[in-house]
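Me: Can you walk me through this one? I'd like confidence, charge pairs and surface.

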Amino acid sequence: MKLDKKVALITGGGQGIGRVIADNLAKIGAHIVLGDINLENAEKSAKNIRDNGGKASAVLLNVVDPVNVKQVFDFISKEFKPLDILVNNAGITKDGLFVRMKEDDWDRVLAVNLKGSFLCGQQAAKQMMKQRSGSIVNIASIVGVMGNAGQANYSASKAGLIGLTKTMARELAPRNITVNAIAPGFIDTNMTRVLDDKIRDKLIEQIPLARLGLPVDIAHSVTFLVSGQSNYITGQVINVNGGMLM
């Protein structure tokens with residue numbers, strides 16, 4: 001797998017899964033653009049890639065701001081070259097029981113997780129269509145397939161992202177652009193580390209492989225989907241969950 005001369009934007013690339021995805025793609029030659037609402041985190045991640053011999057830049061990216069999104073994509077095209085790879089990884093949670101969920105928490109999660117992917121995907125597609133090639137990977141979630149108590153907004157946003165992925169794939173396939181989604185299970189990140197040990201243990205009991213996933217498990221799947229080894233795969237949801245959902 002080689003991505004020499006390819007430019008890849010990772011949204012939410014300043015930490016967690018996004019940062020590990022960026023590291024993986026940089027190792028095989030891609031110039032990484034880390035877009036994050038926390039520019040300091042993005043710059044640290046970019047510096048780490050450069051310190052290890054890779055190519056990386058950091059940009060302030062608020063995925064729910066259409067003006068900012070367009071500015072970032074225009075910058076990438078002018079500063080480097082039209083985008084080859086987009087990983088829509090930016091996402092947030094604001095959990096709560098459905099009957100008590102605040103409307104603001106619903107709106108915010110849907111905006112970042114779904115609208116943000118729509119806005120970034122639209123700008124990426126415009127560049128990729130002109131060059132008649134490209135790969136887009138949307139980071140969905142197991143709960144977008146099976147639901148999860150206390151996460152009505154998050155589940156809905158990720159289910160919507162799966163539907164968006166399939167529609168994008170159908171529309172962009174004639175221009176040789178692949179669009180796929182990865183649906184991670186429960187991954188060992190800051191989001192799951194705040195859980196009580198008893199809750200974590202119960203989660204692990206439901207996973208046939210008997211462990212939480214690691215960010216690198218997701219990163220490896222992304223690397224495959226944006227490489228030349230997956231040119232005939234589009235419109236798919238790759239479940240990376242240790243067998244929790246089959």
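Predicted model: local features only at pLDDT ≥ 70, side-chain atom pairs only at ≥ 80, totals over all residues.

Me: What is the mean pLDDT of the protein chain?

Reply: The mean is 96, and 100% of the residues reach 70 or more. pLDDT is the predictor's confidence in each residue, from 0 to 100.

Me: Where is confidence lowest, and where highest?

Reply: Helix H7 (residues 190-193) has the lowest confidence, with a mean of 75. Strand S4 (residues 85-88) has the highest, at 99. Helices (H or I, at least four residues) and strands (E, at least two) are DSSP runs, numbered from the N terminus.

Me: OK, charges. How many salt bridges?

Reply: The count is 5. A salt bridge here is a side-chain nitrogen of Lys or Arg within 4 Å of a carboxyl oxygen of Asp or Glu.

Me: Which residue pairs with Lys47?

Reply: Asp51, at 2.8 Å from N to O. Both sit in helix H2 (residues 39-51), 4 residues apart, about one turn of the helix.

Me: Is Asp51 buried or exposed?

Reply: Exposed, at 55% relative accessible area. Lys47 is partly exposed, at 46%. Buried means under 20% relative accessible area, exposed over 50%, partly exposed in between (1.4 Å probe, protein chains only).

Me: And what does Asp74 bridge to?

Reply: Lys70, with the closest N and O atoms 2.8 Å apart. Asp74 is partly exposed at 28%, and so is Lys70 at 41%.

Me: Which residue does Lys81 meet?

Reply: Asp84, in a salt bridge of 2.8 Å, N to O. Asp84 is buried at 7%, whereas Lys81 is partly exposed at 28%.

Me: Switching to the surface. Which residues make the nonpolar patch?

Reply: Leu97, Phe98 and Val99 make a patch of about 380 Å². Patch residues have over 30% relative accessible area and no salt bridge; like charges are joined within 9 Å, nonpolar side chains (Val, Leu, Ile, Met, Phe, Trp, Tyr) within 5 Å. Accessible areas come from the Shrake-Rupley method with a 1.4 Å probe; for residues, only the protein chains shown count as cover.

Me: Where is Phe98 found?

Reply: In the loop between S4 and helix H4 (103-131). Phe98 is exposed, at 65%.

How values were computed. Residues numbered from 1 in each chain as written. Heavy atoms only, no water.
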